[in-house]
Amino acid sequence: MILLKTEKLTKTFGGKPAVYEVDAEFEAGKLYGLLGPNGSGKTTFMKMVAGLFYPTAGKITVMDGLSKTASKSKVAYMPTEPFFYDYMTVKTVGDFFKDFYEDFDPEWYKEQIEYMQLTPDLRIRALSSGMAAKLKVAVTMSRRASIYMLDEPLNGIDLVARDKIITSIIKRSAPDNTIIISSHLIDIMENLLDEVLFLKDGRTVLKGNAEETREKNGKSIADLYKEVYA
Amino acid sequence: MKYESSKPIYLQVMDSLKQRMVTGDLRPGDQLPSVRLLAIEYDINPNTAARVYKELELEGICFTKRGEGTFVTEDPDLIRSLKEQTAKSIVKKFIKEMTGLGYDKFEIIQKIQKEGDENDSIENGKTD
């Protein structure tokens, strides 16, 4: 089942295309890697799907053509920038999300923050950047959404925290949802992905099944990435 | 686990599980982790983990009990032949590398003999 489809999706800023005619389909039960260096259009793509940017041209279909408002309740989007208020604590971030999203699962959240070694009474302003990154993933993945979009979840994170974030993503992956992760840390993401989509200057330059791509080219996705963007 | 770049990941995880069966870390009839736990253990995605079990089942090395999970074959002969296969491929690789260094069959056997004898004397030395 296809949960998300884009057709000739385009966004220009002042005449300059950030995303240009991207055709993509995202199936239930799969993990997708939206890959490309900084400025390749990954964030713009996600923001359009999340309903935060209005496309210049093209079409986005969420599930069976849900309205823009209805689709927001199905999409759990994690932006790169922090989105918590300083006065909140780890616990109140959960309460805040619970008030906002019907599909928020407080039990899952409790388990996740424990696993990420975050204490509930910790203040947001006291979080290190690594802790804040873990919290963002924990709270986003605690929704029972159909489409998860994580923008650079592994940025600026130490090795141990990376493992925890990867585990938390695998745990959430299910036959009825699709998870889209953007990253330029391809070597770390590589084993995790079913499908890859390479963006370059806003255009799709390569897409396909990760294992098949690896077999066909006889090299890792990371090596292929270096070739495409060299 | 560190993955080789050019070989499909499911094959590498299959090899790792087979090796654990050969070394006895996993024993005949043992229950294997669920697909999701296998995915977490090996940092791979759940579809790849599911494929690992599917392929191992096709090879007869694993079997699934409905509603219970996946298990290592109860047939010790299969594990034994797996061990044989592993040994064979290690030896093959070794011979290839040694031949590459310019040694002939006779010299290779001599080298193994010598190394083996040295190992024995070291071990004997320890027990003394």
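In this predicted model, chain B comes out with 5 helices and 2 strands. Walking along the sequence, the elements fall into the pattern α-α-α-β-β-α-α. The C-alpha trace spans about 55 × 40 × 25 Å along the principal axes. As for burial, 20% of the 128 residues in chain B count as buried. Contacts were also sorted by sequence separation: taking those in chain B between residues at least 6 apart, 56% join residues at least 24 apart.

Chain B also touches chain A, in a contact that draws 14 residues from chain B and 19 residues from chain A. On the chain B side, the elements giving two or more residues are helix H1 (9-22), helix H2 (35-42) and helix H3 (46-58). H2(B) gives the most, with 3 residues. By residue class, this side of the contact splits into 8 nonpolar, 4 polar and 2 charged.

Over in chain A, 6 strands make up an open sheet, ordered S5-S6-S7-S3-S8-S9, with mixed pairing. Strand S5 (75-78) and strand S9 (203-209) sit at the edges with a single partner strand each, so one side of each has no neighbour in the sheet. On average, and ignoring direction, neighbouring strands of this sheet are turned by 15° against each other. Further in, strand S3 (residues 31-35) and strand S7 (residues 178-183) of chain A pair in the parallel sense over 5 bridges; here A:Leu31 stands opposite A:Ile179 in S7(A). Helix H1 (residues 42-49) of chain A lies across S3, S5, strand S6 (147-151), S7 and strand S8 (195-200) of that chain, running at about 150° to S6(A).

Then there is a helix pair in chain A. Helix H5 (residues 129-141) and helix H6 (residues 159-172) of chain A pack at an angle of about 5°, their axes 11 Å apart. Angles under 35 degrees count as roughly parallel, and H5(A) and H6(A) are therefore roughly parallel to each other. The H5(A) side of the contact consists of A:Gly130, A:Lys134, A:Val137, A:Ala138 and A:Met141, which meet A:Ala161, A:Lys164, A:Ile165, A:Ser168, A:Ile169 and A:Arg172 in H6(A). In terms of residue class, the contact of H5(A) with H6(A) divides into 6 nonpolar, 2 polar and 3 charged.

Key
Residues are numbered from 1 along each chain as its sequence is written. Chains are lettered from A and ligands numbered from 1 in the order in which they are written. This is a predicted model: local features need pLDDT of at least 70, side-chain atom pairs count only at pLDDT 80 or more; totals for chains, interfaces and linings use all residues. Two residues are in contact if their C-beta atoms, placed from the backbone, lie within 7 Å. Helices (H or I, at least four residues) and strands (E, at least two) are DSSP runs, numbered from the N terminus. Ala, Val, Leu, Ile, Met, Phe, Trp, Tyr, Cys and Pro count as nonpolar, Asp, Glu, Lys and Arg as charged, and the others, Gly among them, as polar. Two strands pair if DSSP finds at least two bridges between them. Axes are lines fitted to C-alpha atoms, for helices over the stretch in contact, and angles run from 0 to 180 degrees between N-to-C directions. Angles under 35 degrees count as roughly parallel, over 145 as roughly antiparallel, 65 to 115 as roughly perpendicular and the rest as oblique. A residue is buried if 20 or more other C-beta atoms lie within 10 Å of its own, exposed if 12 or fewer, and partly exposed in between; C-beta atoms are placed from the backbone.
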